[in-house]
Amino acid sequence: MKIRYILLFLSAIAIGCNSASNDKAPQAFTKDSEKGLIIGTLTFDSDEPKNDIYRFFYYPESTDKKFIKKNDGKIMIKARVDGKRGFNGDFNDKKSYLFVIERDPGRYAFTEYNFLNHIGETGMVNFSKKFAIPFEVKKGEINYVGELTFHSYAEPGSPRITVSDNYSRDIQELKNKYSQIDWDNSHNKTVKSGDTGNGLIEFK
């Protein structure tokens, strides 16, 4: 892993940067929608956050620069509550975060993550090795890619992210939170294989 030291103003830029979309759930979604949805959960296995900010990046598998710029993105978790480090997720003692990604049809993959150990001028950003958790966005469909569990205190050589199937639990949580979405066209497409990044990712 690579570690970079960043000044305060660079830290502010990193925190404030947005992807092509803020990855907010759409106001409405049906089988007639031109785009597709990718859904899942991001769960932390520790009781307290080890870092202040986590970002998980995904990219289209495309050579079209305009398409990539329009559709790449990230899930960003700011693990701060009332000015202190803490989880603020959707369920599971606030340690599990639901995500809904609306994108143009195509093949994509989560390929890397980084985390900022603390906000401020002495903060350090740690970048992961490259890996691939592949998924496909299909027009008018809602595809569940799994629960991505982040192991905050993983030993060197052990998986940092585990991808597993918790569809039955997660789809109910998603229905409760995003009632404006037509969930009838949702499918369990939990990712079972990909590029593990030399053991960084585990598929179950």
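Reply: A residue is called buried when its relative accessible area is under 20%, exposed when it is over 50%, and partly exposed in between (1.4 Å probe, protein chains only). The model is predicted, so local features need pLDDT of at least 70 and side-chain atom pairs count only at pLDDT 80 or more, whereas totals for chains, interfaces and linings use all residues. Residues are numbered from 1 along each chain as its sequence is written, and side-chain values use heavy atoms, with hydrogens and water left out.

Of the 204 residues in the chain, 49% are buried. The secondary structure comprises three helices and 14 strands, taken as DSSP runs numbered from the N terminus (helices H or I, at least four residues; strands E, at least two).

Side chains of opposite charge can pair when their charged atoms come close. A salt bridge here requires a side-chain nitrogen of Lys or Arg within 4 Å of a carboxyl oxygen of Asp or Glu, and the count by this rule is ten.

One of these joins Asp 90 to Lys 177, with the closest N and O atoms 2.6 Å apart. This pair links distant parts of the chain, 87 residues apart: Asp 90 belongs to the loop between β6 and β7, and Lys 177 to helix α3 (residues 167-177). Asp 90 counts as partly exposed because its relative accessibility is 30%; Lys 177, at 42%, likewise counts as partly exposed.

Arg 107 and Glu 136 form another salt bridge, at 3.7 Å from N to O. Arg 107 lies in strand β8 and Glu 136 in strand β10 (residues 133-137), so their pairing ties together parts 29 residues apart in sequence. With 51% relative accessibility Arg 107 counts as exposed, while Glu 136, at 30%, counts as partly exposed. Elsewhere, salt bridges that share partners join Asp 52, Arg 80 and Arg 85 into one network.

The side chains of Lys 31 and Asp 32 also meet in a salt bridge, 3.8 Å from N to O; both residues are exposed.

Lys 95 has another setting. This residue lies in the loop between β6 (84-85) and β7 (96-103), and it counts as buried because its relative accessibility is 13%. Leaving out residues up to four places away in sequence, Lys 95 is in contact (heavy atoms within 4.5 Å) with Leu 42, Thr 43, Phe 44, Ser 46, Asp 47 and Phe 87.
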